[in-house]
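Biologist: I'd like a close look at one part of this model, please. Pick a single sheet and walk me through how it's put together.

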Amino acid sequence: MLASLGTVWTLARKDLLLELRSRDIVLAIVVFALLVITIFTFAIELTPSRSRDVGPGVLWAAVAFAGVLGLNRSFAMEAEGSTLDGLMLTPVSRELIFFGKVLGNFIFVIIAEIVIFPVFEALFNISVLQIETIVIALLASIGFSAVGTAFAAVSVRVRSREIMLPLLFLPTSVPLIMAAVESTSVVVNGGSWADFSDWLQLAIMFDVIFVIASAVLFQYVLEE
Amino acid sequence: MISPTHDAPEILDPGAHPSGVIAIEASRLEKSFGNAAVLRGLDMTVRDGEVVAIFGANGVGKSTLLRVLATLTRPDHGNISIYGSDLPKQAEVARLSIGAVLHSPMLYGDLTVKENLTFFGKMFRVPGLTERVDEMAARMGLARRLNQRVRELSHGFQKRAALARALMHRPRILLLDEAETGLDEPARLILDGVIAEHHGAGHAVVMTTHSIERGIAGSDRVFVLSGGGVALDRPSSQVTSSDVTDLYGDPSLIGPGGT
């Protein structure tokens with residue numbers, strides 16, 4: 001068990017080191033998300049109540065769309081140098097490779113969110129940096145990373161992978177995006193715990209189902 | 001084992017002989033890509049201590065065969081066993097015995113040579129990893145380039161690093177797909193030395209090469225692929241270049257180096 005965790009961490013650490021050198025993934029997510037958020041602040045006349053109505057939707061649409069860019073890059077990087085083949089040559093199980101990639105992508109999304117959330121809060125003038133939204137952000141990032149990693153692996157050998165990934169990832173992630181938007185909306189509008197917990201449960205269920213399903217899918221999609 | 005009539009340097013230790021233990025056993029392998037059938041019922045057996053050279057015209061399936069043996073590509077039909085481990089069921093066990101240098105170096109360009117070797121060493125749980133990295137770097141003439149990013153290395157040094165990666169976990173089978181391509185003379189000598197050492201240790205080497213003379217001189221056995229199967233399987237001492245090229249079919253497919 002410890003050895004498996006060590007392998008997962010070795011894989012994620014390698015991705016973090018590569019990202020530290022290239023800064024491709026986090027930068028792509030942050031810049032794209034901030035652009036989307038900024039454009040909406042100009043497009044909508046932001047009164048306090050309108051900010052609370054549309055803000056959560058803008059925030060999570062920006063994170064989801066920007067996340068696709070980062071996830072695409074994370075696997076494209078492996079395909080470019082055929083390093084995916086190098087990974088496949090190792091005696092490490094496909095599940096551990098999957099969880100290593102998911103952990104790396106999860107950390108990238110979280111780092112990007114650490115930058116995006118305060119900027120969003122400042123521009124929309126609503127407080128999203130609360131414990132409930134942080135929990136939802138963690139759950140959403142787990143789901144995005146798991147589904148995104150599996151579909152990035154599906155898309156990696158396809159010529160039009162930049163188109164393929166969003167086409168697979170976004171429709172599948174709709175329940176998670178809905179849960180994130182609605183629960184954030186409950187938080188910023190001062191809703192009840194009962195309302196919040198319904199969406200929280202949906203996010204947890206999504207994560208449990210799709211982490212397992214994505215891990216199973218991953219094993220098959222990498223076979224030539 | 002090696003024909004004395006060839007001009008290419010004799011690189012194998014004549015004292016080493018195949019042990020009889022079957023390293024690779026492939027039977028009735030079939031693999032198609034779309035409508036193109038590449039392997040059609042191919043059978044081959046490689047024993048421990050054998051160096052096998054695979055020849056064939058472009059597109060005949062040499063690289064596909066090596067990828068299948070490396071567990072990277074799953075055949076449509078047929079059976080493969082690596083030291084008794086059946087693929088794909090026991091692929092994780094089989095991979096411990098396989099080191100492969102294919103067309104691409106399979107190294108992370110933005111990581112240094114040391115970081116790459118350490119990463120792949122950890123994936124194989126190589127004991128004494130730091131010492132092994134230094135040992136492989138010294139063996140491949142990479143000691144002064146250990147802290148250089150792979151992206152900044154020349155093609156030849158990337159190939160050396162790829163060879164170091166493939167040998168990190170001391171595999172018993174070495175798969176080389178045109179590994180000598182783009183190497184300068186010192187690097188070729190290192191490659192020849194690695195093959196000879198592997199052979200001397202009683203391990204198996206399966207290689208494809210552009211150079212027919214070199215391939216025949218540097219191997220125990222020759223396979224020529226044609227029509228999706230093995231058209232010739234003979235000890236290298238009984239094979240001439242024309243035996244090989246005669247089986248290529250369309251002569252226009254044969255490049256200046258051979259394949």
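Modeller: What follows is a tour of one sheet in chain B, strand by strand. Some ground rules: this is a predicted model, where local features need pLDDT of at least 70, side-chain atom pairs count only at pLDDT 80 or more, and totals for chains, interfaces and linings use all residues. Residues are numbered from 1 along each chain as its sequence is written, chains are lettered from A and ligands numbered from 1 in the order in which they are written, and side-chain values use heavy atoms, leaving out hydrogens and water.

Now the sheet. It's open and has four strands in the order 2-1-4-5, paired antiparallel. Strands here are DSSP runs of E with at least two residues, helices are runs of H or I with at least four, and both are numbered from the N terminus; two strands pair if DSSP finds at least two bridges between them. At the edges sit strand 2 (36-47) and strand 5 (85-87) of chain B, each pairing on one side only. On average, neighbouring strands are turned by 20° against each other, direction ignored.

Further in, strand 1 (residues 22-33) of chain B joins strand 4 (residues 77-82) of chain B through five bridges, in the antiparallel sense. Look for Glu30(B), which stands opposite His77(B) of strand 4.

Finally, there's a helix on this sheet: helix 1 (residues 62-69) of chain B packs there, touching strand 1, strand 2, strand 4 and strand 5 of chain B, where contact means heavy atoms within 4.5 Å. Its direction makes about 60° with that of strand 2 of chain B; axes are lines fitted to C-alpha atoms, for helices over the stretch in contact, and angles run from 0 to 180 degrees between N-to-C directions.
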